[in-house]
Amino acid sequence: MRPDLFEAPDYYNLDDLFSEEHLLVRDAARQWVKRDVSPIIEEYAQKAEFPKQIIGGLAEIGAFGPYIPEEYGGAGLDQISYGLIMQEIERGDSGVRSTASVQSSLVMYPIFTYGTEEQRKKYLPKLATGEWMGSFGLTEPNHGSNPSGMETKYKDMGDHYLLNGAKLWISNSPFCDIAVVWAKNEEGRIHGLIVERGMEGFTTPETHNKWSLRASATGELIFDNVKVPKENLLPNKSGLGAPLGCLDSARFGIAWGAIGAAMDCYDTALRYAKERIQFGKPIAATQLQQKKLAEMITEITKAQLLAFRLGQLKNEGKATTAQISMAKRNNVEMAINIAREARQVLGGMGITGEYSIMRHMMNLESVITYEGTHDIHLLITGADITGMPAFQ
Ligand code: TGC
Ligand code: FAD
């Protein structure tokens, strides 16, 4: 892969709206991605392996629990800083951002929000440093968009719970130390349980042959009569709203992350178009390529403004699930369209691993599917504006 020459577009001077802290946090993440992710990521994507050596660096830039209070090992930052960190990481690779999203919003967030003080103290500091890595088990073979139908269940055995079932498509599963798992009790009520690697009957086979998110490890979580200690149940929220609350936080991060992938594709295409000579002039001087590039920067700018306002609402505790859905849906679609257009600007070179665009494009096929598909987010907006859910 070529040297990383990334220059971030900021067409509407958004930097003027960010605080000094936001800029410091973002620039630290930006420099780290340039130094430690860009030089290795293509090789890891090609061999379909998560680069475990970057876990320490992710922790250092505050990517694990950016908004978790410092007393639990988090960075104690606001939601806009969290968004900016996700943007910068996904500028490098969506798979790396996935690892950070899962650790922060789907593992640390539920332990912090729904867990006991003992659980917070036991797990959060180790998750913040990356000493322990987590995964989040909601999706099942027969229940993806409709998690309320989940079949994974646990039984109260007096001194422990007995957990049975299977989760599919789980990011970080092959190497996770713990998993936050959503399962039904005997009354059919959904609860979160912390399952630890080493518990008998708990296995995490890896899913192979992905053409997308190749630098992220994905797998299953299988529970065959796993004895889970009672103190591992997250007691402070139950029902589908508990996992959906975690998704709000992760989807918010993705709305920012997708901007990073789009910025990288745009920046690469702009530089290439200025340098590539055909018919005696740079292709950037042709109207057709300018149309592509002008539309890209317009869409990126709109997505940046949407994410920034959503960040303000989230900081004030006012962002609704439907507002988050709109931003996730819009920004991921924006990014995937830009990746497709940018790939064409590079002609044949666009399909090689010399440039990052094709990798972003393939990654975004997962991003547009996980954390609620593109269709599901449209239906969430539809239900919100009409008051008539059309899921069933
Ligand atoms: P519905 O009837 O709408 O709601 C059930 C209960 O939940 C409450 N609720 C929420 N509570 C907190 N936060 C939210 N965001 C909430 N949204 C809903 C709701 O009030 C209700 O409460 P109650 O007390 O009345 O029971 O539920 P539904 O079954 O109709 O489903 C709605 C739907 C389809 C929108 C939902 O199921 C959904 O979002 N489906 C998509 C599934 C999904 O996104 N899965 C993601 C899996 S994790 C993942 O992909 C990680 S990828 C990570 C990475 O690598 O980055
Ligand atoms: P389905 O729900 O079967 O959907 C198939 C198609 O039907 C989609 O196009 C969908 O939009 C459409 N559809 C579904 N319902 C409706 C409807 N009511 N109306 C109209 N159309 C509909 N899950 C986790 O729990 N944890 C993870 O860490 C995790 N990581 C993932 C990593 C990767 C790489 C991928 C690909 C997925 C991951 N997922 C994870 C799972 C992800 O959340 C699901 O794939 C997603 O929610 C969709 O579920 P599904 O794949 O079963 O598709």
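This is a predicted model: local features need pLDDT of at least 70, side-chain atom pairs count only at pLDDT 80 or more; totals for chains, interfaces and linings use all residues.

Counting contacts in the chain with a separation of 6 or more, 75% come from residues 24 or more positions apart.

On the overall build, the secondary structure comes to ten helices and ten strands. The C-alpha trace spans about 80 × 45 × 40 Å along its principal axes. The radius of gyration is 21 Å, and this agrees with a compact globule because a globule with 392 residues would have a value near 21 Å. Of the 392 residues, 56% count as buried. The accessible surface comes to about 16,900 Å², and carbon and sulfur atoms hold 51% of that.

Now the interior. In soluble globular proteins, nonpolar side chains tend to be buried together. Here the largest nonpolar core has 105 residues, and Ile89, Ile111 and Trp182 are those with the most contacts inside it. Which helix gives the largest share of this core? Helix H6, residues 241–275, contributes 18 residues.

Next, backbone angles. Most residues other than glycine have a negative phi. Asn209 is not a glycine, yet its phi is positive, about 65 degrees. Leu213, not a glycine either, has a positive phi of about 50 degrees. Asn209 is found in the loop between strand E6 (202–203) and strand E7 (218–229), and Leu213 is placed in the loop between E6 and E7.

Are these two buried or exposed? Asn209 has 76% relative accessibility, so Asn209 counts as exposed, the cut-off being over 50%. Leu213 has 4%, under the 20% limit, and therefore counts as buried.

Last, the surface. Tyr11, Tyr12 and Leu305 form a nonpolar patch there, with about 370 Å² of accessible area together. Leu305 lies in helix H7, residues 287–315. Its relative accessibility is 34%, so Leu305 counts as partly exposed.

That is what I have to show.

Key: Residues are numbered from 1 along each chain as its sequence is written. Chains are lettered from A and ligands numbered from 1 in the order in which they are written. Side-chain values use heavy atoms; hydrogens and water are left out. A nonpolar core is a set of buried Ala, Val, Leu, Ile, Met, Phe, Trp, Tyr and Cys residues joined through side-chain atoms within 4.5 Å. Buried means under 20% relative accessible area, exposed over 50%, partly exposed in between (1.4 Å probe, protein chains only). Helices (H or I, at least four residues) and strands (E, at least two) are DSSP runs, numbered from the N terminus. Patches are made of residues with over 30% relative accessible area and no salt bridge: like charges are joined within 9 Å, nonpolar side chains (Val, Leu, Ile, Met, Phe, Trp, Tyr) within 5 Å. Accessible areas come from the Shrake-Rupley method with a 1.4 Å probe; for residues, only the protein chains shown count as cover. A salt bridge is a side-chain nitrogen of Lys or Arg within 4 Å of a carboxyl oxygen of Asp or Glu. The radius of gyration is taken over C-alpha atoms; the globule rule is 2.2 Å times the number of residues to the power 0.38. Contact means heavy atoms within 4.5 Å.
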